[in-house]
Every structure is written in C-alpha cells, then in structure tokens.
Amino acid sequence: MLTSREAAEHDFAAIARLHADSWRSAYRGMLSDEYLDHRVHLERTTLWQQRFSEQAEKPFFVILAEVEEELAGFACVFPDEHPTYGAFLDNLHVVPQRTGQGIGRRLLSAVAERLLTDERRGGLYLWVIEQNARARQFYSSAGALEVECAKLSMPDGSRQKEMRCFWPSPALILATDTPETVQ
C-alpha cells in the first residue's frame, strides 16, 4: 500500500540514494558515465544534507511516497520561487524498479494539493532535459505546457537543453487525474 508523508531532515540519506539511483537510470547517455558511476551519490548526499540544514533560509517541502515504509519516490518543491512561474518542482523521482506504477502521478497530485492547501499563488514549473522523452510525456499527460527551452548547466559539468514545463495553476494537475493515473 502506498502512503505519503512530509520528509524530515533525517530522511536526507534515503532521498539522496533514491535521487542518485534515479539519475543513473534515467540520465544514462545524457550525463557523463563518470559522473553517474562515481560522483552522483556523494554529490546528491551533500546537496540534500545542505538543503535540509539551510531550510529556514530557503524554504522547501519534500513529499515522500512509501510502500510498506520503504521509500518509493519523492517530490521536492520550492514554493514562490519565480515571480512569473510560481513554485519550482525541483525534483520528482521514483525508484527505477517502481516506475510506471502511478507513484510519480500520486506525488505530482500531492504537490498540487499541498500548494492549493497552502494557498500559494501562481503556477508550478520544472525543468526537464530535452532528451528525456519519458519525463516530458509524463508531464505533458499531466497537463504541463512546454513554454521555454534553455541550455542549463548540469552537475556533471555539461550543459543540456532543457524544457520549462509549466502549469498556470496546480489545480490543472488535479483536473487531469483519472483513476488510471493515480492508481
């Protein structure tokens, strides 16, 4: 059974491990093999430890999806990040072996519900690597509009073309929920 909860600082190591595993699976051929094979886990661990230690200065929230108390996915959002696009969905990752099971969609819906409950004004956006067709299709099916393309720096030192996916309101995500998408 899938449950969700808000992450706490003590969850940073599990989040970092899932984040690294997801990148190794999804970004092979997009980020360097050297980075994915040797540096991604330490770099993600450092990032998550730092984020949680600086949360008071740079507010964010992380929603965890768990199956039998084991981390199955997470979503990280920085509310009110951009004056035009609103909240920034910085991460949405699912354990590679559990993709296609509706976990990502449940997390995305939970993010939308949280933003609406908190009465956050504005939309929700994220950046997705242009080559990542699976992720682009996922966000498109959830109602996201691709509104911009930019070349952005990546943690491996490369620059990638990325698409800004945008929902003018988080309510639009919930409007695309169907029984099949949230199972």
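**Ground rules.** I worked from a predicted model, in which local features need pLDDT of at least 70 and side-chain atom pairs count only at pLDDT 80 or more, whereas totals for chains, interfaces and linings use all residues. Residues are numbered from 1 along each chain as its sequence is written, and side-chain values use heavy atoms, with hydrogens and water left out. For helices (H or I, at least four residues) and strands (E, at least two) I took the DSSP runs, numbered from the N terminus.

**Entry 1, the sheet.** I looked up the strand order and found an open sheet of 7 strands, E1-E2-E3-E4-E5-E7-E6, with mixed pairing; two strands count as paired if DSSP finds at least two bridges between them. Strand E1 (2-6) and strand E6 (145-153) stand at the edges with a single partner strand each, so one side of each is left without a neighbour in the sheet. On average, and with direction ignored, neighbouring strands of this sheet are turned by 25 degrees against each other. As a reminder to myself, strands of a sheet pair through backbone hydrogen bonds, either parallel or antiparallel.

**Entry 2, the E1, E2 and E3 side.** I then followed the partners of strand E2 (61-67). E1 and E2 run antiparallel and are joined by 5 bridges, with glutamate 6 standing opposite isoleucine 63 in E2. E2 and E3 also run antiparallel, joined by 7 bridges, and here valine 62 has cysteine 76 in E3 as its bridge partner.

How many residues of E2 are buried? The count is 7 of the 7, so E2 is largely enclosed by the rest of the structure, where buried means under 20% relative accessible area, exposed over 50% and partly exposed in between (1.4 Å probe, protein chains only).

E2 and E3 form a hairpin with 2 residues between them, and glutamate 68 in the turn has a positive phi of about 50 degrees. In the loop between strand E2 (61-67) and strand E3 (70-82) I also noted glutamate 69, a residue other than glycine whose phi is positive, near 65 degrees. Glutamate 69 is exposed, with a relative accessible area of 74%.

Strand E7 (residues 159-167) runs antiparallel to E6, to which 8 bridges join it, and lysine 151 has lysine 161 in E7 as its bridge partner. E7 runs antiparallel to E5 as well, through 6 bridges, and isoleucine 129 stands opposite glutamate 162 in E7. Of the 9 residues of E7, 7 are buried, so E7 is largely enclosed by the rest of the structure. E6 and E7 form a hairpin with 5 residues between them, and glycine 157 in the turn has a positive phi of about 95 degrees.

For comparison of loops, I checked glutamate 119, which lies between H3 and E5 and has a positive phi near 55 degrees although it is a residue other than glycine. Glutamate 119 is exposed, with a relative accessible area of 68%.

In contact (heavy atoms within 4.5 Å), Gly104, Arg105 and Leu108 in H3 meet Phe138, Tyr139 and Ser141 in H4.

The axes of helix H1 (residues 12-26) and helix H2 (residues 33-53) come within 8 Å and cross at roughly 145 degrees. Among the residues making the contact are Phe12, Ile15 and Trp23 of H1 and Leu36, Trp48 and Phe52 of H2.

Terms used:
Axes are lines fitted to C-alpha atoms, for helices over the stretch in contact, and angles run from 0 to 180 degrees between N-to-C directions.
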